[in-house]
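Please look over the sequence and the 3D structure shown here before reading the report.

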Amino acid sequence: IRLVPQRPTTTDPRDRGPDLFDVMNLVHLEAYLPGVLDKELYAHWQLPTYQAQAIVARSYALARFQAAGPTRTFDVEATQASQAYAGATTHERSIQAVRDTAGLVLSDGQRIVPAYYSSNCGGAGASPFDAFGVDDAPTCLTPTHPDPWCRSSKYYNWGPIRRNIKTLARRMAAWGAANHLTIKNLKNISTLVIVSRNALGRPNRFAVTETTGKRYILIAESFRQACNFTPPDARGSLSLPAKQKLKSSYVDISLDGNDV
């Protein structure tokens, strides 16, 4: 384990404290991957699925390693921000799948493909640009209406979820502060709307407007993260039960008095 003091990302003196660290687990790629498979897949799924996931997870990790800038002291995170990671595991199917596919990656002939994936598409895919605002996937990977395998998941359809609009504004502002974004100044929400969708009808940009007219645009995954953000010291109304979290940004939005 290595602890590295975080470099300040703003000129705010509060961002320069000596108690902010990146805590990193240093591990060889092939030893890291079984911990990803163990966390990302169901234990009863078959070996070929684990083998496919091992190739995808290896490709994603290596693409992120190659894309990391000189100021970043780590390659991937251990959560959905990159790919989930359980740490060291004894799960034999995960270990075998990584061993069986050693060295195999997805490539478009020019580079390793950043292999984005999700647990359920809800029936409509999204490009990296739709979800994250980045356009680093090859053109051969475009959003499609996939085969209906996702329908068997209990998460294919979910909701509705009802949130208090004032609490949601505080949550989004806290997310903005944690990520050094201007939405940290959000005081209230007058309107919350979908401003664009991809060719399959999936939302990819959201607008949050204050009563002052100030408008903030969020890409799809940023919107989901902002709605689900829980500050480390959250108490009371800012704590968030799992059943109240948005499982994706593939949603419709309506305002009902003080609720969203």
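## The chain as a whole

This is a predicted model, and its protein chain contains 6 helices and 5 strands. Read from the N terminus, the elements of the protein chain follow the order β-β-α-α-α-α-α-β-β-β-α.

Of the 260 residues in the protein chain, 37% are buried. When contacts in the protein chain between residues at least 6 apart in sequence are considered, 60% of them join residues at least 24 apart.

## Where two helices cross

Helix α2, which spans residues 47-67, and helix α3, which spans residues 92-100, have axes that come within 8 Å and cross at roughly 60°. Because of that angle, α2 is described as oblique to α3, and the crossing in which α2 passes α3 is right-handed.

On the side of α2, the contact is made by Leu47, Tyr50, Gln51, Ala54 and Arg58, while α3 contributes Arg93, Ser94, Gln96, Ala97, Val98 and Asp100. Sorted by class, the residues in this contact of α2 with α3 are 5 nonpolar, 3 polar and 3 charged.

## The cysteines

A disulfide is a covalent bond between the sulfur atoms of two cysteines. The structure holds 0 disulfides. For Cys121, the closest cysteine sulfur belongs to Cys150 and lies 3.4 Å away, which is too far for a bond, because a disulfide requires the two sulfur atoms to be within 2.5 Å.

Cys121 has a relative accessibility of 14% and therefore counts as buried, and Cys227, with a relative accessible area of 3%, is buried as well, since the term applies to residues under 20%.

Conventions. Residues numbered from 1 in each chain as written. Predicted model: local features only at pLDDT ≥ 70, side-chain atom pairs only at ≥ 80, totals over all residues. Heavy atoms only, no water. Axes fitted to C-alpha atoms, helices over the stretch in contact; angles between N-to-C directions. Helix = DSSP H or I, 4+ residues; strand = E, 2+ residues; numbered from the N terminus. Parallel < 35°, antiparallel > 145°, perpendicular 65-115°, else oblique. Left-handed = near helix turned anticlockwise from the far one by under 90°. Contact = heavy atoms within 4.5 Å. Nonpolar A, V, L, I, M, F, W, Y, C, P; charged D, E, K, R; others polar. Buried < 20%, exposed > 50% of the residue type's maximum accessible area, 1.4 Å probe, protein only.
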